[in-house]
Amino acid sequence: TILFKRGDIFLEDLEPKDDGSLENNIVYGAYGTGEDPVLWSVDLLHRRHITIQDMHFDMDSGGGGSSKTIAFGCYDVESIDIRRCEIENAPQHGAYIGPFQEVQIIHCVFHDNGGGFMEHNIYLSGNGTPAGSDNIVIDGCEIYNAGTVGIQMNPNGDSTSNFLDNVTIRNCRIHDNEVGIGDYGSRNLLLHNNSIYNNNGIDYYNDQIGGNIVSTGAEIYNNTFYNLNPSWG
């Protein structure tokens, strides 16, 4: 367990160099009282069995930082837990996650990430080696003010190999983005008990790639959609 003092600002990137184990995650978190510690970004490259919790990632917090444009980078990861974090002001994406196996994002806030077109609060990707991404739960989060999409799902290539399988989005508030949720290639998406509102474009967008409908098996229920752009939705 590695803890950062609440109330302190660390204008640096968090880059774990080691993996946890199946029995024990390495936990990065906070101690003390006051506001959660502020860091610039976190880079989980090829990491396994890591927990990040009770931290605030702000890429506009002043001072040094890095040349990175993504606040939460997760490339080729497995068994990653992100809990009670705030992620904001990333120039490109709040979080880029993929390819991945077994990820949980619980009770986090993503906002004001991405400054323009195709820049998102959360970007889920199936591209990489190994191809494909499996099993992610986004639960109890608030996701707003993205450059384009609140949660974007994209295989980034051939959906038969780069699929996003078993994505669960539940109990979230997704609002005031250009698009609420974009789905370019999921299998067995479970989208339930969310409030999705005040988005300027489509709230749930299922696309076609190469003439084939690539998203299959979605279950969408018990969500509340409202105040959509009248020409979309």
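A salt bridge here is a side-chain nitrogen of Lys or Arg within 4 Å of a carboxyl oxygen of Asp or Glu. Hold on to that rule; we start with one pair. Arg-48 forms such a bridge with Asp-76, with the closest N and O atoms 3.1 Å apart. Where do the two sit? Arg-48 is in strand β5 (residues 48-53), and Asp-76 is in the loop between β7 (70-75) and β8 (77-83). Strands are DSSP runs of E, at least two residues, and helices are runs of H or I, at least four residues, both numbered from the N terminus.

A word on the source. This is a predicted model, where local features need pLDDT of at least 70, side-chain atom pairs count only at pLDDT 80 or more, and totals for chains, interfaces and linings use all residues. Residues are numbered from 1 along each chain as its sequence is written, and side-chain values use heavy atoms, with hydrogens and water left out.

Now burial. Buried means under 20% relative accessible area, exposed over 50%, and partly exposed in between (1.4 Å probe, protein chains only). Is Asp-76 buried or exposed? Buried, at 12%. Arg-48 is partly exposed, at 22%.

Next pair. Arg-170 bridges to Asp-139, and the closest N and O atoms are 3.0 Å apart. Arg-170 lies in strand β17 (residues 164-170) and Asp-139 in strand β14 (residues 133-139), so this bridge ties together parts 31 residues apart in sequence. Arg-170 is partly exposed at 28%. Asp-139 is buried at 14%.

Then there is a network. Asp-13, Glu-15, Lys-17 and Lys-68 are joined by salt bridges that share partners. Within it, Glu-15 and Lys-17 meet at 3.5 Å, N to O. Glu-15 is partly exposed, at 33% relative accessible area. Lys-17 is exposed, at 61%.

How many salt bridges does the rule give? The count is 12.

Now the whole chain. The protein chain has 27 strands and zero helices. It has 233 residues, and 51% of them count as buried. On contacts (heavy atoms within 4.5 Å), take those with a separation of 6 or more: 69% come from residues 24 or more positions apart. The accessible surface is about 10,000 Å², and carbon and sulfur atoms hold 45% of that. Those areas come from the Shrake-Rupley method with a 1.4 Å probe; for residues, only the protein chains shown count as cover.

That's the tour. Thank you.
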